[in-house]
Amino acid sequence: MGRIRVLVVDDHRIFAEALAAALAAEPDVEVGAAGSATAAERALERAAAEGRAFDIVLIDADLGSGRPRAVPSVPPPRRATTELRSDTRSDTRAEVRGDSRNEFRSEVRADARPGLAPAQPPAPVHAPPHGPAADGITLLARARRNHPGLRAIVLAAADDPRRAARAFHAGAGGWVAKESSLSRLMAVVRGVLRDETHLPPALLTGVIRELTNARRDRTESERLVDTLTPREKQVLRCMVAGLGRQAVAERLYLSPHTVRTHMQNVLGKLGVHSTLAAVAVARRAGVGPAEPAPITAPPSVASTAAPGVG
C-alpha cells in the first residue's frame, strides 16, 4: 500500500490539530484537516480535481451539533512536532493554521529519505460563514455518494448504537471512540482500507438491532408505496423533489385540482397527515425525487385545414 491520504473533519479545533499532528508522524500518512462539512466537501472536491484524492476521511460524529464536548487526549506524535508558523526543524512535522471562522488545514512535510517522497499539502479550505451545517453522518453519506472510492470512519465521544447504525447505513467502515489510542485508530484506518468493517464489541448487539429495525421500517414503507397507482407514485416523487401543487400540475400536465386529489390519496394510502411525513415514508422506501423536467412545450392539438378545391 502506498501513502495514505487522510482528511480529518472536526470542528473542535484543539482535538483536530492534535490528531492531525499525531497522524503526520506516521511515515506513510499525509494529513489534511477541515473544520466544517462545507470545508470538508470543498477539500475533497479540490483534491480529486488535482489528482490527489483522499483515501479516507475521519469525521466527528458531533460535527456541527453545537453540543459542548470534552476534549479527549491525543497521544503526542512520534518523531513529530506541532508548530504554528515555526521554522523549527524536525524529521516529520505537521503545520496547522486557523482563521477566525474556525476553518483550518493541515500541511504535512517530510525530509528527503529513501523511499519516502515529500507529501503535497492540500490547498487551504475556507467555508462561507452562513448557511446550515450538515452533521457528521449527513456529511459521510454525501462524501461516499460523491466520491465512491473514499472510505470513512466516524470518531465519536460516546457510544450510541442508533447513531452508529446510521453511520454504517450511510457507508462508514468504522466507528472509533475518541478516547482510543493512536495505534488503535491507525489499525482501524488500515483495516477499513482493506474493506474491513470495524465496530467496538460493546456496540455490536445494539447496532445489529437498530439495523434490523430500520430494515423492518423500510419494508413497511415499501409495502405502503406499492399500494399507490402509477400516477400517485409520480406525484409522490414530485413531492420528494419539493414541488408544490402548481409545479406538480405543470410538470405532469394536470389541473391543480386533480393534483390536490392525487396528493390527498397519497397521504391517505401512506397513513400520514402531511407532505413532510409522506416524503419521510418515501425516503425510507427508497423513492427518489422526480427528475428535472425537460424544457418542452405541452402536447397540443394540431388543427387541420380542409383541402382546397382546385
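## A loop residue with a positive phi

Asp195 lies in the loop between α5 (182-193) and α6. This is a predicted model. In it, Asp195 has a positive phi of about 70°. Yet Asp195 is not a glycine. Most residues other than glycine have a negative phi.

Is Asp195 buried or exposed? Its relative accessibility is 57%, so Asp195 counts as exposed.

## Another loop, another positive phi

Tyr253 is also a residue other than glycine with a positive phi, near 55°. Where is Tyr253? Its place is in the loop between α8 (245-252) and α9. Tyr253 has 47% relative accessibility, so it counts as partly exposed. The range for that label runs between 20% and 50%.

## The whole chain

How many helices and strands are in the protein? There are ten helices and eight strands. The protein has 310 residues, and buried residues make up 43% of them.

Now take the contacts between residues at least 6 apart in sequence. Of these, 69% join residues at least 24 apart.

## The largest nonpolar core

The largest nonpolar core has 30 residues. Which residues have the most contacts inside it? They are Leu7, Val9, Phe54, Val57, Leu139, Val154 and Trp175.

The largest share comes from α2, with six residues.

## Charges over rings

The charged end of Arg5 sits over the ring of Phe54. The distance to the ring centre is 4.5 Å. In a second case, the charged end of Lys178 sits over the ring of Phe15, 4.5 Å from its centre.

What about rings paired with rings? The count of aromatic pairs comes to zero.

Helix α10 covers residues 275-284. Which of its residues are buried? They are Ala278, Val279, Val281 and Ala282. Seen down the axis of α10, the buried residues fall within an arc of 160°, so they line one face of the helix.

What covers these buried residues? The cover includes α6, α7 (230-240) and α9 (256-270). Just after α10 comes Gly286, which takes a positive phi of about 85°.

## From α9 to Ser274

Gln264 has its place in helix α9. Its relative accessibility is 47%, so Gln264 counts as partly exposed. Along the chain, Gln264 and Ser274 are ten residues apart.

The protein averages a pLDDT of 76. A score of at least 70 is reached by 71% of the residues.

Where does pLDDT stay under 50? One stretch is residues 77-133. The model has 128 contacts beyond four places in sequence for residues 77-133. Another stretch is residues 300-310. For residues 300-310, the model has zero contacts beyond four places in sequence.

Terms used:
Residues numbered from 1 in each chain as written. Predicted model: local features only at pLDDT ≥ 70, side-chain atom pairs only at ≥ 80, totals over all residues. Heavy atoms only, no water. Core = buried A, V, L, I, M, F, W, Y, C linked by side-chain atoms within 4.5 Å. Buried < 20%, exposed > 50% of the residue type's maximum accessible area, 1.4 Å probe, protein only. Helix = DSSP H or I, 4+ residues; strand = E, 2+ residues; numbered from the N terminus. Phe/Tyr/Trp six-rings, centres within 6.5 Å; stacked < 30°, edge-to-face > 60°. Lys NZ or Arg CZ within 6 Å of the ring centre and 35° of its normal. Arc of directions from axis to C-beta. Contact = heavy atoms within 4.5 Å. pLDDT = per-residue confidence, 0-100.
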